[in-house]
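Let's take a walk through the inside of a protein model. Have the sequence and the 3D view open as you read.

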Amino acid sequence: MSQPGTRSRVVLALVWLVLGVALVGVAGWVGWTRWSPILTGHPAMLVAGIAALLVGFVAVAWSIGSLTVGGRLDREAAVDREAADGEPARRTDAQLHRRARIRIVLAVPALLIGVLLVSVLAYSRPFGATDIALAAMRSEGGVRVSDRLTWFEMAPTAKDAKGRELKPTTGFVVTPGARVDSRAYAHVLRPLAEQGYLVIVLKEPFGISLLSNDHDQTVIDVHPEITYWAVGGHSLGGVSAASYADTHPQVKGLVFFASYPASTMQRTDLKVLSLSAAHDGLSTPAKVEASKANAPADTRYVQIPGAVHSWFGDYGDQPGDGTPTGDRAAAQATMAAETATLLASLTPPPPKKK
């Protein structure tokens, strides 16, 4: 006859064994296949991956130990505690029942956290930047790239006739699409920095911009030298950018990259540009059309022929996207040119000479 608590202990051990293997396996798979974007991205993903590995190894070790010697350890109380607190060397059935209940109370919440952790890691596996985007991350050709902890920025390094560096006065903060490597936007946005604008691309926790609502403000606070600000975002990032711009008057411009506002925007003084793709399978032309009621009435809409959702960055194909029919380089040049036009419109013209 098995002792009390044996069944629950064995079931928990088997469940933890499976979960432990899953934690180690998923963390290893994500790390092995996406090491570069994880290492250079928001630290939350790296911390979660390390935590999953540690918890997974502990879970596997505990499970094996529980299945092999757990029954004996349950029944046998520590002999060296007998003199101190009077506990017998062998636990009674009542004590074993209590021990099993405590184990279940502690194990179930821990299991739920473990399942959540492995699910978040698997879902958050990022779309890595391609070679053309990584090449644009180099500091050269009049652009200085600075890689910070939770964003990277591209700043112009042009100089005047006296050799003094011309400081930008207009900045553009871009929020990536869900699970997209921030570096994937470097090639598309670098022309803006070459034209004299400070360009900042955020790194979001687990690639989800909705988890860091004040991220734009953190960046803006770091750059008090910038007078004029615009924000933008790709896909889900555009939703976050719109929400931020709608409630922060210091932002004068907003750019949607294959995106649209989730609710009706209240500001009427905001200059808004909507860039969409004709063959977008995610932010479809129909969705963009339906969202016009939520955007300011004077929003400028530009649909890029032949383009798809993933062309707003360089991170490979995206599941659910449409089939492109146009020229990628030409489409991305249009994205940069249209955005530059909006940024230029934020700076008031110099006063006319009398």
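Start with the second largest cavity, whose lining splits into 7 nonpolar, 4 polar and no charged residues. Here Ala, Val, Leu, Ile, Met, Phe, Trp, Tyr, Cys and Pro count as nonpolar, Asp, Glu, Lys and Arg as charged, and the others, Gly among them, as polar. Among the residues lining this cavity are Phe256, Tyr260, Val272, Ser291 and Tyr301.

A quick word on the source: this is a predicted model, where local features need pLDDT of at least 70, side-chain atom pairs count only at pLDDT 80 or more, and totals for chains, interfaces and linings use all residues. Residues are numbered from 1 along each chain as its sequence is written, and side-chain values use heavy atoms, with hydrogens and water left out.

The structure holds 2 cavities of 30 Å³ or more. A cavity is a set of points on a 1 Å grid over the protein atoms alone where a 1.4 Å probe fits but cannot get out, and lining residues have an atom within 4 Å of a point. Points are joined across faces, edges and corners, and the volume is the space filled by probe spheres set on them.

| Cavity | Volume | Lining |
|---|---|---|
| Largest | about 200 Å³ | 7 nonpolar, 5 polar, 4 charged |

In the largest cavity, 16 residues form the lining, and Gly41, His42, Pro126, Glu204 and Gly207 lie nearest the centre.

Now for the packed parts. A nonpolar core is a set of buried Ala, Val, Leu, Ile, Met, Phe, Trp, Tyr and Cys residues joined through side-chain atoms within 4.5 Å, and buried means under 20% relative accessible area with a 1.4 Å probe, protein chains only. The largest such core has 42 residues, with Phe172 and Leu189 touching the most other members. Helix H11 (residues 328-346) gives the most to this core, 6 residues; helices are DSSP runs of H or I, at least four residues, and strands are runs of E, at least two, numbered from the N terminus. A second, separate core of 21 residues includes Ile200 and Met265.

H11 has 19 residues and reaches 28 Å from first C-alpha to last, close to the 27 Å expected, that is, 1.5 Å times one less than its number of residues. Its buried residues include Met335, Leu342 and Leu346.

Ala258 sits in the loop between S6 and S7, and counts as buried because its relative accessibility is 0%.

Technical notes:
On a 1 Å grid over the protein atoms alone, a cavity is a set of points where a 1.4 Å probe fits but cannot get out, and a pocket is an open set with protein on both sides within 12 Å along at least five of seven lines; lining residues have an atom within 4 Å of a point. Buried means under 20% relative accessible area, exposed over 50%, partly exposed in between (1.4 Å probe, protein chains only).
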